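Please open the structure in your viewer and keep the selection tool at hand. The tour below moves from one selection to the next and states what is found at each stop.

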Amino acid sequence: MSLYIETHGHGPVPLVMLHGWAMHGGVFAPLVEALQHQCTLYVVDLPGHGRSRDCGLPLEPTAIARAVAERVPPAVWLGWSMGGLVALAAAREATVSTRGLAMLCATPKFVRSEDWPQGSDGALVRQLATDLETDYHATLERFLALEAMGSADPRAELRHLRELVFAYGEPDLRVLQEGIALLENTDWRDMLATLCLPNAWIAGRRDRLVHPDAMRWSAARAQGDFHEIAHAGHAPFLGHVDGVVDALLPLLETVG
């Protein structure tokens, strides 16, 4: 089975959209609706997720970027959370024609270290990996709760994420484990200084998974634009879609 990519809109700017861990492209529905006149949107279900659940492609950012690039025109690539690693892979891959980069609650390095105090707690990532082996559904539930934390209405956002996560079947356990390994081990901070394309970094001020300071640092390193959406958590496109659109428009106008 091939990678599932759904096309929406009829705007002049091609925009690839890449979701986060355990989700699928359907999570972007509010943002797709808001951007369909400015963009032609290519909404990807990552391997092992959603309607790409049976896709044989590994959950490896460069391989995914190449596979997507074969089916879309030169585009702005938007990555949310783990999807940001695929967007970064597209930006650094010479065979992928990338016109711009939008990082939404995403960074080149997820886990905290001595030289990266802005990162997330590595123990959290390791615990997710361990818990997946023993209680798959409860682990996803805890992660969804972390995503919803900090939003203006965390209970409503959590309910929505619960409805979405299994909308097209359960994510593949092996791929979820691969995703956790990606989050734990990837460090692409060095590439930001040589990033030669327009880029925007959009943070939620109340995000409990990706700290806005990590995104602010990344934007400065990449000479990009940094935007922080007040009252938003890790999934700002669910409750603050207008803020996300306002942050994206300067980038879209630059490449349009």
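**Stop 1: Helices H5 and H6**

Select residues 136-148, helix H5, together with residues 154-165, helix H6; their axes come within 9 Å and cross at roughly 135°. An angle of this value makes H5 oblique to H6, because only angles over 145 degrees count as roughly antiparallel. The crossing in which H5 passes H6 is right-handed. Now display the side chains where the two helices meet. On the H5 side they are Glu-141, Leu-144, Ala-145, Glu-147 and Ala-148, and on the H6 side Pro-154, Glu-157, Leu-158, Leu-161, Arg-162 and Val-165. Please bear in mind throughout that this is a predicted model.

**Stop 2: Helices H4 and H7**

Next, select helix H4 (residues 122-134) and helix H7 (residues 173-185), whose axes are 9 Å apart and pack at an angle of about 165°. H4 and H7 are therefore roughly antiparallel to each other. Their crossing is left-handed. From H4, the contact involves Val-125, Arg-126, Leu-128, Ala-129, Leu-132 and Glu-133; from H7, it involves Leu-173, Leu-176, Gln-177, Ile-180 and Glu-184.

Remain on H7 and centre the view on Leu-176, which is found in this helix. Is Leu-176 buried or exposed? Its relative accessible area is 0%, so Leu-176 is buried. Beyond its neighbours up to four places away in sequence, Leu-176 touches Trp-21, Ala-22, His-49, Leu-132, Tyr-136, Leu-140 and Pro-171. Draw a distance from Leu-176 to Tyr-136: the two are 40 residues apart in sequence, and their C-alpha atoms are 9.8 Å apart in space.

**Stop 3**

Select helix H2, residues 61-69, and colour its buried residues: Pro-61, Thr-62, Ile-64, Ala-65, Ala-67 and Val-68. What do they pack against? Their partners are strands E1 (4-8), E2 (13-18), E3 (39-45) and E4 (75-80), along with H3 and H7.

Zoom in on Val-68. Apart from residues up to four places away in sequence, Val-68 touches Leu-3, Ile-5, Val-16, Val-44 and Trp-77. Val-68 also belongs to the largest nonpolar core, which has 54 residues; Val-16, Trp-21, Val-68 and Trp-77 have the most contacts inside this core. Helix H3 (residues 83-92) gives the most to the core, with six residues. To see a second, separate core, select Leu-35, Trp-80, Ala-235 and Phe-237, which are among its 39 residues.

**Stop 4: Helix H8**

Finally, select residues 212-221, helix H8, where the buried residues are Pro-212, Ala-214, Met-215, Ser-218 and Ala-219. Turn the view to look down the axis of H8: the buried residues fall within an arc of 155°, so they line one face of the helix. These residues pack against strand E5 (98-104), strand E6 (199-204) and strand E7 (225-229).

Within H8, pick out Ser-218. With a relative accessibility of 0%, Ser-218 counts as buried. Which residues are in contact with Ser-218, leaving aside its neighbours within four places in sequence? They are Pro-108, Trp-116, Leu-192 and Trp-201.

Technical notes: Residues are numbered from 1 along each chain as its sequence is written. This is a predicted model: local features need pLDDT of at least 70, side-chain atom pairs count only at pLDDT 80 or more; totals for chains, interfaces and linings use all residues. Side-chain values use heavy atoms; hydrogens and water are left out. A nonpolar core is a set of buried Ala, Val, Leu, Ile, Met, Phe, Trp, Tyr and Cys residues joined through side-chain atoms within 4.5 Å. Buried means under 20% relative accessible area, exposed over 50%, partly exposed in between (1.4 Å probe, protein chains only). Helices (H or I, at least four residues) and strands (E, at least two) are DSSP runs, numbered from the N terminus. Contact means heavy atoms within 4.5 Å. The arc is that of the directions from the helix axis to the C-beta atoms. Axes are lines fitted to C-alpha atoms, for helices over the stretch in contact, and angles run from 0 to 180 degrees between N-to-C directions. Angles under 35 degrees count as roughly parallel, over 145 as roughly antiparallel, 65 to 115 as roughly perpendicular and the rest as oblique. A crossing is left-handed if the near helix is turned anticlockwise from the far one by less than a right angle, and right-handed if clockwise.
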